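Dear colleague,

I am handing over the structure below, and my notes on it follow directly after. Please read them alongside the model.

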Amino acid sequence: MKCDIVLAGVGGQGLLSIAMLIGRTALDQGLRVKQAEVHGMAQRGGAVHSHLRLSDRPIASDLIAVGTANVLLAMEPLEALRHLPMLADDGVVFSNTTTIRNIPDYPDEEVLRQQLASRAAIKWIDAERLAQEAGSLRTANVVLLGALSQALPMEQRIFERAIRTMFSRKGDTVVEQNLRAFAHGRSAVREESAP
Amino acid sequence: MATRLLLGDEALAQGAIDAGLSGAYAYPGTPSTEITEYVQRHVAVTSQSIHCRWSSNEKTALEEAVGMSYAGRRAMASMKHVGLNVAADPFINAALIGTRGGLLINVADDPSMHSSQNEQDSRLYGEMALVPCIEPADQQQAYDAAIYAFEFSERHELPVLLRLTTRLAHSRADVEIHEDGSRPQNPFSLPNDKQRFILLPAHARARYLRLLEQQQALVEASEESPFSTLSLEGDASLGIVSCGIAGNYVQETFGGKVRHPWLQIGQYPLPVRRIEALFSRCSRIIVLEEGTPFVESRLRGLPLRSSPEIFGRLTGHLPRTGELAPESVASAFRSSGAPSADARHRPSPLLRNRPPALCQGCPHIDSYRALNQAMAPYRDRGRVFADIGCYTLGAMPPLEAIDTCLCMGASITMAKGAADAGTSPAVAVIGDSTFAHSGLTGLLDCTAEQTPITVILLDNGTVAMTGGQDSQATGRFAQLCEALGVDREHIVAINPRADRHEESVAIIARELIYDGPSVIVAQRECIQTLRRSNSTRKPESPPRGCRQDAKGDPQ
């Protein structure tokens with residue numbers, strides 16, 4: 001078993017937190033993990049990404065090779081487009097619908113969505129709306145994690161345990177919001193893929 | 001044994017703690033920062049009183065670590081590659097006096113310049129200083145290497161350079177760590193051998209001869225290193241030499257079973273006998289390494305009986321610059337695993353760059369807006385010399401507020417030289433931490449000659465770019481500048497806020513025409529640290545109680 005995941009987003013979206021959550025969950029499940037991150041200058045409002053590799057056998061490279069990722073999770077549509085070349089032919093994209101237009105020449109949204117859909121199997125998630133329903137806009141990253149979790153080889157309860165551990169420092173309310181966000185994201189994908 | 005998910009940086013730090021570390025000295029710098037942050041957060045800091053405060057710069061950090069080693073204890077200094085330039089003086093001389101307590105110099109190189117102004121290779125420094133260098137291939141080896149390197153340093157009485165690169169420093173993996181507690185710290189003990197520790201020329205000549213005599217033993221140790229492996233099995237039409245994490249890409253390319261004779265190097269100086277064994281078997285050799293083609297060029301110059309054809313970065317089989325990637329290594333082998341070039345693997349024409357930018361609400365934006373307006377009349381003869389930090393992003397549109405960025409501290413000194421040549425106004429823009437790191441001495445040069453420069457000291461109270469570490473001079477800038485000789489009348493403050501813009505412009509404009517050195521302190525807290533302290537309880541801040549000297553009780 002191997003699962004190569006590319007996470008992509010914009011600095012400040014909480015991408016590294018969910019990368020860490022996935023890593024810890026995989027470790028709890030007895031899997032081997034490698035998770036390459038971007039720190040430093042790039043984090044300041046720029047494009048950020050992380051390569052996450054899970055396997056039941058030792059993993060050699062920290063980086064995923066171009067054209068071989070099983071899943072791409074994009075927290076922003078333009079970032080989905082940026083990392084699309086990483087995806088294997090049978091790979092799947094989970095993308096947030098909300099754009100972050102902090103650059104002057106952001107492409108037309110409709111054209112961008114069409115371009116993505118024509119190039120890959122893509123599942124859209126309205127993470128901001130679902131996060132709001134979960135009780136806090138700040139849980140949008142965990143909504144996306146919930147959606148992604150449908151494609152990962154780990155059990156739901158182990159994810160939930162990792163969420164509890166990670167947010168326990170911030171109090172019960174934050175833990176509950178994040179658990180709801182995770183569940184919303186998980187069912188959003190299930191509903192969408194239902195016939 | 002317990003399994004933890006650790007960054008390469010963190011694995012190294014955990015290894016050092018388990019090896020009986022007494023002091024971690026460092027200046028923050030991507031990708032090395034997390035080594036020291038991990039030590040600072042670790043319970044051992046208080047339970048075992050490990051010294052772990054940030055130092056003013058890499059040179060002070062390394063000298064402090066050398067001092068701790070002198071007093072018998074295990075110490076390490078951590079920095080990014082360009083930090084080793086700052087610390088080069090003690091680095092090279094520490095090899096001559098040697099170590100008592102084990103001494104690690106952990107340097108994280110940044111090939112591809114993800115967060116740096118160059119991609120220099122620290123292994124060249126190791127060779128110049130004639131010290132052993134260990135280059136772990138993965139997070140587990142980073143952990144093991146710290147433990148091994150402390151022993152090694154004490155056995156050979158030499159500092160050990162531990163080289164990481166970005167991809168290992170900032171990648172997490174499961175690491176097996178010892179659970180049976182740390183090795184006890186070394187007891188405090190002082191030497192009485194002055195000849196060894198006073199590098200007068202007569203002593204230094206003897207020490208240098210000794211260092212040269214030690215080289216053969218270091219080569220022997222590299223031949224036996226647990227971080228290097230040699231396999232002579234497989235298709236000998238091509239032999240592989242790989243260093244550090246490059247070996248992982250070799251394994252990735254061949255799916256675990258490497259089909260050619262293969263030498264993986266994790267310790268320097270180079271293991272000459274192992275190279276000889278590989279070369280005598282193969283007529284062609286490919287060299288894979290992160291950074292400079294260091295091993296590739298040394299292999300060409302080795303006086304060996306066989307001289308196979310050598311391929312690598314110098315021959316264009318791999319890119320001359322930038323970090324390696326699984327696909328560049330695969331295509332160097334022309335393996336079938338090379339990426340196919342169908343439409344999806346080419347970037348879409350719709351794609352737009354999203355470069356890093358100053359945060360919304362960042363105080364530097366307001367400082368730069370005021371500076372831009374005050375400088376508007378002088379665009380022909382005036383220039384703004386900037387420095388290393390978040391505020392280097394002031395180069396980007398729409399601000400485009402700065403003209404140069406060279407290295408830590410060079411804003412003030414370049415402004416001085418340019419002022420000496422006739423630039424007017426010559427403005428230096430420097431952050432609080434960078435000023436403490438390397439700005440003070442340059443300002444002293446300016447006051448000694450009353451050079452007309454205007455220093456804008458951007459004081460956001462933290463080392464912001466690397467994630468908000470403490471800076472050594474916070475709250476002391478006015479006194480420091482006055483002590484360095486700046487006229488008290490020309491040490492002034494502005495409040496970098498949009499609603500105080502006109503006032504800031506007027507103050508800057510006034511200082512720009514002053515015929516001497518002036519310092520304008522623009523003080524407002526970093527928006528990131530402010531947000532963090534507002535939204536959460538203070539996250540485990542660096543412990544205040546940790547030891548500041550080596551007088552604590554031995555374990």
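In this predicted model, domain 1 of chain B and domain 2 of chain B bury about 2,300 Å² between them, with 46% of that area on carbon and sulfur atoms. The two belong to a division of chain B into domain 1 (2-223), domain 2 (229-336) and domain 3 (363-525), and the centres of domain 1 and domain 2 of chain B, taken over C-alpha atoms, are separated by 27 Å. On the side of domain 1 of chain B, 26 residues are in contact with 25 residues of domain 2 of chain B.

Between these two domains of chain B there are four salt bridges, and Arg167(B) forms a salt bridge with Glu323(B) in which the closest N and O atoms lie 2.6 Å apart. Across the same interface, 21 residue pairs are found in polar contact. Among the elements that give two or more residues to the domain 1 side are α8 (139-156), β6 (160-165) and α11 (201-223) of chain B, and the largest share, six residues, comes from α11(B).

Elsewhere in chain B, five strands form an open sheet with parallel pairing, in the order β14-β15-β16-β18-β17. Because β14 (383-385) and β17 (491-494) of chain B stand at the edges with a single partner strand each, one side of each is left without a neighbour in the sheet. Within this sheet, β16 (residues 453-459) and β18 (residues 518-523) of chain B pair over six bridges in the parallel sense, and Val455(B) has Val519(B) as its bridge partner in β18(B). Helix α17 (residues 410-420) of chain B packs on the sheet, where it touches β14, β15 (426-431) and β16 of chain B.

With best regards

Terms used
Residues are numbered from 1 along each chain as its sequence is written. Chains are lettered from A and ligands numbered from 1 in the order in which they are written. This is a predicted model: local features need pLDDT of at least 70, side-chain atom pairs count only at pLDDT 80 or more; totals for chains, interfaces and linings use all residues. Side-chain values use heavy atoms; hydrogens and water are left out. Two strands pair if DSSP finds at least two bridges between them. Helices (H or I, at least four residues) and strands (E, at least two) are DSSP runs, numbered from the N terminus. Contact means heavy atoms within 4.5 Å. Axes are lines fitted to C-alpha atoms, for helices over the stretch in contact, and angles run from 0 to 180 degrees between N-to-C directions. Domain bounds come from an automatic or database domain assignment. Buried area is the accessible area (1.4 Å probe) that two parts lose on being put together, summed over both. A salt bridge is a side-chain nitrogen of Lys or Arg within 4 Å of a carboxyl oxygen of Asp or Glu. A polar contact is a pair of N or O atoms within 3.5 Å; within protein, one must be able to donate a hydrogen and the other to accept it, and residues adjacent in sequence count only if both atoms are side-chain atoms.
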